[in-house]
Amino acid sequence: MNLEIILFIVLALVAVVSSVAMITRPHPVISAVFLILNFFALSGLYLLLNAQFIAVVQVIVYAGAIMVLFLFVLMLLNTNKEDNIFKQNKALKIFAIAIAVLIFAQVAFLIFFSSPSDALNSQVAESVQSGTIQQIGTKLYTDYILPFEAAGFLLLAATIGALVLSKKKFE
Amino acid sequence: MLTEFGKIFVFILLAVVFVLIALFAAKLIRPSRPTKEKMLIYECGENPVGSPWIKFNIRFYVVALIFLIFDVEVVLLFPWALTYQDYGFYGFLVGLVFLLVLGLGMAYEWRKGDLDWERGIISPPILNEILKNKKAPLKINDSENQITEEIKA
């Protein structure tokens, strides 16, 4: 078997098992740790697809910063004693099962019954090249300078907004 | 042929295997005599009282939020660091403007005192009015001085 296929199977197994474990754990902090494992497996899958930049972003931003925020929220909220949401609301459970079946059917259809369009297959070599960080940097600093600087302003607005909103206001 | 990411993967794999072997070997060798005292959550030698889950300062959350924003900034700087030399001074300038914009955010939070842990005590206006009516703004240093003066007298 090809090394790529073995790696894909291992990473996919880790991703699926960790996501199922994440949903079924009763304790939210343990769920969060499983989510981190899931992010790492996804990042490995991105690498297999030659999307290096996305893989790096997945680890640094999602597994690093976003999960820190998740854990902070969990610590702040103290969700220890809360009951299972499905036990409180039976109708919600039926609704959730219906949505899950619908999404499962959709994914199964996409995987087994629909064929990838030829337009996707014709540019495989180019798309493999375009995932590298150098390629993204080249595009970012030639064609997309304005969106890049706009992203800088967006981050500035986010910084100031977060600080202003978190201030205690008595006056 | 290993790519650079392949090397990282081998490194991670070795790290995981190393930890697993160490834990397994320790489990084989060590004696296992658990008692109730030993299984308690460690809390500086004291018996734990109540849940360790306390509501802590919201300011930790603000620090995490700022960390998230600068983390995204770092991610956007990776492509820049790899390619800016190809475009000479112009490429450098693009990244410089980006950094200056985010430096502005940094300057804002520095100026507003969000980087200091002690940000001054915010008191409700009712308390301020009561303190005003007393006409003696109680400062810690002043009261200490008063006490020492009283002791001298």
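How many residues does helix α4 of chain B have, and what does the helix reach from its first C-alpha to its last? Helix α4(B), residues 88–111, has 24 residues and reaches 34 Å, close to the 34 Å expected at 1.5 Å a residue; the expected span is 1.5 Å times one less than the number of residues. Helices here are DSSP runs of H or I with at least four residues, strands are runs of E with at least two, and both are numbered from the N terminus.

This is a predicted model, in which local features need pLDDT of at least 70 and side-chain atom pairs count only at pLDDT 80 or more, while totals for chains, interfaces and linings use all residues. Residues are numbered from 1 along each chain as its sequence is written, chains are lettered from A and ligands numbered from 1 in the order in which they are written, and side-chain values use heavy atoms, with hydrogens and water left out.

Chain A contains nine helices and zero strands. Of its 171 residues, 28% count as buried, that is, under 20% relative accessible area with a 1.4 Å probe and protein chains only (exposed is over 50%, partly exposed in between).

In α4(B), the buried residues are B:Gly91, B:Val94, B:Gly95, B:Phe98, B:Val101, B:Leu102, B:Gly105 and B:Glu109. Their cover includes α8 (133–142) and α9 (145–166) of chain A, together with α3 (59–83) of chain B. Just after α4(B), B:Gly113 has a positive phi of about 80 degrees.

Helix α3(B) also packs against helices of chain A. Its axis and that of α8(A) come within 8 Å and cross at roughly 90 degrees, which makes α8(A) roughly perpendicular to α3(B). Axes are lines fitted to C-alpha atoms, for helices over the stretch in contact, and angles run from 0 to 180 degrees between N-to-C directions. Angles under 35 degrees count as roughly parallel, over 145 as roughly antiparallel, 65 to 115 as roughly perpendicular and the rest as oblique. The residues of this contact (heavy atoms within 4.5 Å) divide into nine nonpolar, four polar and no charged. Nonpolar covers Ala, Val, Leu, Ile, Met, Phe, Trp, Tyr, Cys and Pro, charged covers Asp, Glu, Lys and Arg, and the others, Gly among them, are polar.

The axes of α9(A) and α3(B) lie 10 Å apart at an angle of about 175 degrees, so α9(A) is roughly antiparallel to α3(B). This contact has twelve nonpolar, two polar and one charged residues.

For α3(A), residues 52–77, the angle to α3(B) is about 175 degrees and the axes are 10 Å apart; the two helices are therefore roughly antiparallel to each other. Their contact divides into 22 nonpolar, no polar and one charged residues.

The largest nonpolar core has twelve residues, including A:Leu155, B:Ile69, B:Leu76, B:Phe98 and B:Leu102. A nonpolar core is a set of buried Ala, Val, Leu, Ile, Met, Phe, Trp, Tyr and Cys residues joined through side-chain atoms within 4.5 Å. Helices α8 and α9 of chain A and α3 and α4 of chain B each supply at least two residues of this core, and the largest share, four residues, comes from α3(B). Beyond four places in sequence, A:Leu155 touches B:Ile69, B:Val72, B:Glu73, B:Leu76, B:Phe98 and B:Leu102.

A:Thr159 is found in α9 of chain A and is buried, with a relative accessible area of 1%. Leaving aside neighbours within four places in sequence, A:Thr159 is in contact with B:Ile69, B:Gly105 and B:Glu109.
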